[in-house]
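Work through the exercises below with the sequence and the model at hand. Each task is followed by a solution in steps.

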Amino acid sequence: MILLERDRRLQIFPDNDVVPHKLYSHVILAGITTCLTVVSTASIAKAQSVIDNYFTIQPIQVCNDSGLDCAPIPLFAEEVEKIFNQAGVAPIFLPTTQLNNTNFLQTTGVKAINQAGSGQHSNSTTINAWFVDELISAPGSIRYGNAFIGANGSVINGTAVQNYNSGNGRRDTLAHEIGHNFGLGHEDFGAGGSNNLMTSGSNRTTPDSLANITPDGASLSQLTTAQINQILSSPFLNAIPEVVVDTNGSTPYDTDDFFLVDFQDGPSNIFLESLSLDLSPVNAFFDSIGSSSDFNFLGDAGSPFALSNLNGVDTSDITLLGNNASLDGKQKLTLNFAPNSFTLGDSFRFGLDIDLFDKIDNFGATPEELIGSLFSFTFSDGLRLKAETGNDLIASSIKPTTFLSFSGQPTGGSPISPGTIASHFDPEPVPEPNSVLMYLGLIGTGLFYFRQKKRLSS
């Protein structure tokens, strides 16, 4: 059987003009697919371990006027994170807000719902993502998402995305729509291959699990180098300040300089609000008193918290939460900084005795024994993250293990007005009877049909 499909894409502009874009044809012969679309051979950037930019997302769940019958909100946050990590970029999901408006449970798209008072975040560089029950579409088709290109706003068909693939979910739809907000289209910057995130939905292979997102498994939802460069130019991005914690010397016992805290890079208007060290992953504790009468009766040989080598910051700007007595025997230490005191170019050192629970009073843990300890950073723009001390004996805020809660206002970018809308439509997984439009004849023992259908991508 030969099945001929034609796909006419539409790009919708703010003035409601409908502009024919391109015509694609796909021929399927005896189960073998020949795609007449030119597939880009652009190089694919490898996943990065350094995450030096972030963006914030405001999920908005649409409910009826009474606040009931709410749309599903299939965020697939881990998938979104892994996809954009290819660009060294992290998504930060803000707490979901609720929009009680029955009229928007079913909508024609982002242009209709992006009205004043529809739950948008107060900061224009936080991406608004509405989740609705249904995106209205032509008979026999499903619209999974709709987004502005290069401007703020996406709308997700929560029901269809959640139910896709027998309930496994369409895991890359939100990332795809956010890609449009970053300025990416279906056919530019190297899109077009079935394994590319931005290829239109009817031609894209969507991952069925986190394990099949690049660089793992089937290596789906890929981003090309050109796409990454476009993302990195987006005003939606905010730079992650680079604060590095390094170790110095053989043990932290009787030192005031074992740890170096260095604000190496980042926006000049951002300061570090607090820094915490958690020793629980390495089964160690602070032995900050070290006498037979110490607070927690752990160890006779210890040394207190002390500062040294301050550069650009004063002792009075750094406050230890609690004191040496309350810290003794504990596994978490927190330093708070006065507003605007610890900024780009500043550094200091600190030290105190740290013992392993199975090596008490053994002159302190070695740097290698502290590999895996966690440092938490809280910055003045509201960003909070954790970083692990690695094999290089360094913990860096741009090599995070976890992004924590976010509060505050992103500082990057400038106000963005709605622009071009990417309108995405996908066919039903099972063709509707009315999609067969023309009988073509017989060749051998096979029936040939001509089917013409508008393909909508998500």
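**Exercises on helix α1**

**Exercise 1.** State which elements cover the buried residues of α1, and list those residues.

*Solution.* In this predicted model, the cover over the buried residues of α1 includes β4 (53-63), β5 (89-93), α4 and α5 (225-232). The residues of α1 that are buried are Glu79, Val80, Lys82, Ile83 and Phe84.

**Exercise 2.** Describe how α1 packs against α4.

*Solution.* Step 1: two packed helices are described by the angle between their axes and the distance between the axes.
Step 1: for α1 (residues 77-84) and α4 (residues 173-181), the angle is about 45° and the axes lie 8 Å apart.
Step 2: the crossing of α1 past α4 is right-handed.

**Exercise 3.** Which residues of α1 and α4 meet, and of what class are they?

*Solution.* Step 1: α1 contributes Val80, Ile83 and Phe84, and α4 contributes Leu174, Ala175, Ile178 and Gly179.
Step 1: by class, this contact has six nonpolar residues, one polar and no charged ones.

**Exercise 4.** Where is the confidence of the chain lowest, and where is it highest?

*Solution.* Step 1: the chain has a mean pLDDT of 78, with 74% of its residues at 70 or more.
Step 1: the lowest mean, 25, belongs to strand β2 (residues 18-29), and the highest, 97, to strand β20 (residues 332-337).
Step 2: over residues 1-48 pLDDT stays under 50, although the model has 113 contacts beyond four places in sequence for them.
Step 3: where pLDDT is low, the predicted coordinates should not be read in detail.

Technical notes
Residues numbered from 1 in each chain as written. Predicted model: local features only at pLDDT ≥ 70, side-chain atom pairs only at ≥ 80, totals over all residues. Heavy atoms only, no water. Axes fitted to C-alpha atoms, helices over the stretch in contact; angles between N-to-C directions. Helix = DSSP H or I, 4+ residues; strand = E, 2+ residues; numbered from the N terminus. Left-handed = near helix turned anticlockwise from the far one by under 90°. Contact = heavy atoms within 4.5 Å. Nonpolar A, V, L, I, M, F, W, Y, C, P; charged D, E, K, R; others polar. Buried < 20%, exposed > 50% of the residue type's maximum accessible area, 1.4 Å probe, protein only. pLDDT = per-residue confidence, 0-100.
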